[in-house]
Amino acid sequence: MSLAKQAVQLAYNPGITPADGGLPGLAVLKEVMGSINLFAIILVVGALAVSAGVWAWGHHSGGHQAEANGKKGVLVAAGAALLLGAANGVVEFFSALGTQVH
């Protein structure tokens, strides 16, 4: 088989698939990523509480800018919580979708 034909065949299917347990320390890396996700969720809870406080303070003091910033903060914190909670599912969904591309 010619080199050009081998290169074209490799471009179609390189034969690489993710291997679970392929590298040493994979369990530690998974644990570290889980811990980072937990800390991020805890930070989002704090951001949500602060943003809700700014929203309430702005509303009751007549500070329209503070109220608007509090609302934005609540929405951003809620979005971040949604993405952090759904991170595994989102990655799994797109990974499975990627395996269907031919």
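Let's start with some ground rules. Because this is a predicted model, local features need a pLDDT of at least 70 and side-chain atom pairs count only at pLDDT 80 or more, while totals for chains, interfaces and linings use all residues. Residues are numbered from 1 along each chain as its sequence is written, and side-chain values use heavy atoms, with hydrogens and water left out.

**The chain as a whole**

There are 4 helices and 0 strands here, and reading along the sequence gives the pattern α-α-α-α. Helices (H or I, at least four residues) and strands (E, at least two) are DSSP runs, numbered from the N terminus.

How much trust does the predictor place in the chain? The pLDDT, which is the predictor's confidence in each residue on a scale from 0 to 100, averages 87 over the chain, and 86% of the residues score at least 70. As a rule, where pLDDT is low, the predicted coordinates should not be read in detail.

Now for the surface. The chain has 102 residues, and 9% of them count as buried. Buried means under 20% relative accessible area, exposed means over 50%, and partly exposed lies in between (1.4 Å probe, protein chains only). The chain exposes about 8,300 Å², with carbon and sulfur atoms supplying 71% of that. These accessible areas come from the Shrake-Rupley method with a 1.4 Å probe; for residues, only the protein chains shown count as cover.

**The largest pocket**

Rolling a probe the size of a water molecule over the atoms shows where empty space is left. On a 1 Å grid over the protein atoms alone, a cavity is a set of points where a 1.4 Å probe fits but cannot get out, whereas a pocket is an open set with protein on both sides within 12 Å along at least five of seven lines; lining residues have an atom within 4 Å of a point.

The largest pocket has a volume of about 200 Å³. Grid points are joined across faces, edges and corners, and a volume is the space filled by probe spheres set on the points. Which residues line the largest pocket? They are Lys 30, Met 33, Gly 34, Asn 37, Ala 87, Asn 88 and Val 91. Helix 2 gives the most, with 4 residues.

By type, the lining splits into 3 nonpolar, 3 polar and 1 charged. Ala, Val, Leu, Ile, Met, Phe, Trp, Tyr, Cys and Pro count as nonpolar, Asp, Glu, Lys and Arg as charged, and the others, Gly among them, as polar.

Ser 51 sits in helix 2. Is Ser 51 buried or exposed? Ser 51 counts as buried because its relative accessible area is 13%. Leaving aside residues up to four places away in sequence, Ser 51 touches Gly 70, Gly 73 and Val 74, where contact means heavy atoms within 4.5 Å.

Over in helix 3 there's Glu 67. At 15% relative accessibility, Glu 67 is buried too. Again skipping residues up to four places away in sequence, Glu 67 touches Trp 55, Gly 58 and His 59.

**Some partly exposed residues**

Ala 78 belongs to helix 3 and is partly exposed because its relative accessible area is 39%. Gly 53, in helix 2, is partly exposed at 39%. Asn 69 is in helix 3 and is partly exposed at 37%. Ile 41 lies in helix 2, and its 34% relative accessibility makes it partly exposed.

Each of these has a partner further along or back in the sequence, and the table gives the separations.

| Pair | Apart in sequence | C-alpha to C-alpha |
|---|---|---|
| Ala 78 and Val 45 | 33 residues | 8.9 Å |
| Gly 53 and Gly 70 | 17 residues | 7.4 Å |
| Asn 69 and Ala 52 | 17 residues | 9.7 Å |
| Ile 41 and Leu 83 | 42 residues | 9.9 Å |
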